[in-house]
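Hi,

Here is the structure I promised to pass on to you. Have a look at it first, and then read on for what turned up in it.

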Amino acid sequence: MSVVDIAWLRMDRPTNLMMICGMMMFEHRVDIDRLRDVIAARMLCFHRFLQRVGGPAESPCWEPDPHFELDWHVQLVALRPGRDALEELLGDLVSTALDPHKPMWQFHLAQRANASALILRIHHCYGDGFALLHVVDAITDLDPAHPHAAQGDLVPAPRRTSWERILGVVAETAGDALRATLDLADTGSALLASPRRTAAAAASAVDLLYQAGVIAAMMPDANTSLKGELGVTKRVAWAAPLALDEVKAVCRVFGCSVNDLLVACLAGVLRAWLQDRGEQVDGLELRALVPVNLRPPGPVHDLGNRFGMVFLDLPVGIENPVQRVAEVKRRMSDLKRSQQPLVALGILAAMGLASESLKERLLETLAANASIIVTNVHGADQARYLAGQRIARQMFWVPQSGGIGLGVSILSYAGQISPK
């Protein structure tokens, strides 16, 4: 296992399980046998899903599960009557840890009279949301009349040194820089011939050091109702979907991205919620952790975790929604140009290598610096089908870490945006 994947494994707590939960809602009932056939043919071809975590606690590794049972991983669940039954089921599932003696993923097919909902739980050490979208594409179809064949296992990543394979993106970035430096040395005059490239590399290195200092000097986040002792029981919820075309039309007026607009809306929602609780919101800043994909463009080569984090200050204290959007856009633009995601990934790598006591201190420090985790993932543009049935909606819930108790996930799918 890479040290970053080990870090996610080690961050498990009863009050914050490192488990990604996703759900597909169908217009009609899904047949459980047909679903198992699809999973067996088109998901189990990825060898990682046949593996469990083995080895000693200080150096875990992937190993085949000698007693793998598909029926345990794809289960049929009776859904009781009532509007809140599905929400309560999801709350129970996200509060329940996966069995560490088996591959840590499960599907739960919840049946209603005329429709189905498929819930996926998977431990974060298996992969991040960007990698899991590749798996979702592999098991679903654009046309139910012409299902595609199994894609086969993921191809190996480009050749890397042992050190890079262990540490992942952080070491790969350093390795790429070193190889680039050696290439320049071989050519002799190339450094002088490419002053812009040299200046860009120097600026990148300076920003890495600067962002490391920013995180190290960061004070704990504001003390609001979002801070406090966490319980074991989790609750999940989701809002009515938004039409993506309408959201984009508003974005064109403001000259911002969809993500900028939705994050600004979230800041407004948090402002209203805190006001309802009688808390002071004028001038308030709430810090959010926002995942940033660090995979190179192109096809996915492996599962695992290859993303960093940025700390985004949400302008909850700004009352005017137009000004709030402009401020979020400005802050997001600054973060996009920074090296903070790589620094945060380095901290995660340190958690995978550190002693238990140091790991806990790192986790507590990061958690104290934020009140919420916010992630926005771009899903399929067209409606997809699984086991012959059309997926009406897709959504997922991001896990929190340490003492962070609130997570907000935004997923676009088939012309809709679903905030959770």
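Let me begin with a question: how many of the eight residues of strand β8 (residues 286-293) are buried? Six of them are, so strand β8 is mostly covered, taking buried to mean under 20% relative accessible area. Please keep in mind as you read that this is a predicted model.

**The chain as a whole**

The chain has 14 helices and 14 strands. It is made of 420 residues, and 49% of them count as buried. Its accessible surface comes to about 20,300 Å², with 58% of that belonging to carbon and sulfur atoms. If you take the contacts between residues at least 6 apart in sequence, 76% of them join residues at least 24 apart.

**The sheet around β8**

Now back to the strand we started with. Strand β8 is part of an open sheet of six strands, and their order is β7-β14-β13-β10-β8-β9, with mixed pairing. The edge strands β7 and β9 each pair on one side only.

You can find both kinds by looking at β8. With strand β9 (residues 307-314), β8 pairs in the antiparallel sense, over eight bridges. To find this pairing on your screen, look for Val 292, which stands opposite Gly 308 in β9. With strand β10 (residues 372-378), β8 runs parallel, and two bridges join them. Here Ala 288 has Ile 372 of β10 as its bridge partner, while Leu 289 is partnered by Ile 373 in β10.

**A buried leucine**

Next, please find helix α11 (residues 258-276), where Leu 274 lies. Is Leu 274 buried or exposed? Leu 274 is buried, with a relative accessible area of 0%. Leaving aside residues up to four places away in sequence, Leu 274 touches Thr 224, Ser 225, Glu 279, Val 281, Leu 284, Leu 286 and Val 316.

**Aromatic pairs**

Trp 105 is buried at 0% relative accessible area, whereas Phe 68 counts as partly exposed at 22%.

Another pair is Trp 238 with Trp 397, which is edge-to-face, at 5.8 Å centre to centre and 65 degrees between the planes. Trp 238 is found in the loop between α9 (195-216) and β7 (242-243), and Trp 397 in strand β12 (residues 389-397), so this pair ties together parts that are 159 residues apart in sequence. Trp 238 is partly exposed, with 26% relative accessibility, and Trp 397 is buried, with 8%.

Ring pairs also build a cluster, which links Phe 46, Phe 49, Trp 62, Phe 68, Trp 105, Phe 107 and Tyr 126.

Finally, have a look at Asp 65, in the loop between β3 and α3. Asp 65 is buried, at 9% relative accessible area. A polar atom of its side chain lies 3.0 Å from the backbone nitrogen of His 67. Not counting residues up to four places away in sequence, Asp 65 touches Leu 50, Gln 51, Arg 52, Lys 102 and Pro 103. Lys 102 also lies over the face of Trp 72, at 5.1 Å from the ring centre.

Enjoy exploring the model!

Best wishes

Conventions. Residues are numbered from 1 along each chain as its sequence is written. This is a predicted model: local features need pLDDT of at least 70, side-chain atom pairs count only at pLDDT 80 or more; totals for chains, interfaces and linings use all residues. Side-chain values use heavy atoms; hydrogens and water are left out. Buried means under 20% relative accessible area, exposed over 50%, partly exposed in between (1.4 Å probe, protein chains only). Rings of Phe, Tyr and Trp (its six-membered ring) pair if their centres lie within 6.5 Å; planes under 30 degrees apart count as stacked, over 60 as edge-to-face and the rest as tilted. Helices (H or I, at least four residues) and strands (E, at least two) are DSSP runs, numbered from the N terminus. A charge sits over a ring if NZ of Lys or CZ of Arg is within 6 Å of the ring centre and within 35 degrees of the ring normal. A polar contact is a pair of N or O atoms within 3.5 Å; within protein, one must be able to donate a hydrogen and the other to accept it, and residues adjacent in sequence count only if both atoms are side-chain atoms. Contact means heavy atoms within 4.5 Å. Two strands pair if DSSP finds at least two bridges between them. Accessible areas come from the Shrake-Rupley method with a 1.4 Å probe; for residues, only the protein chains shown count as cover.
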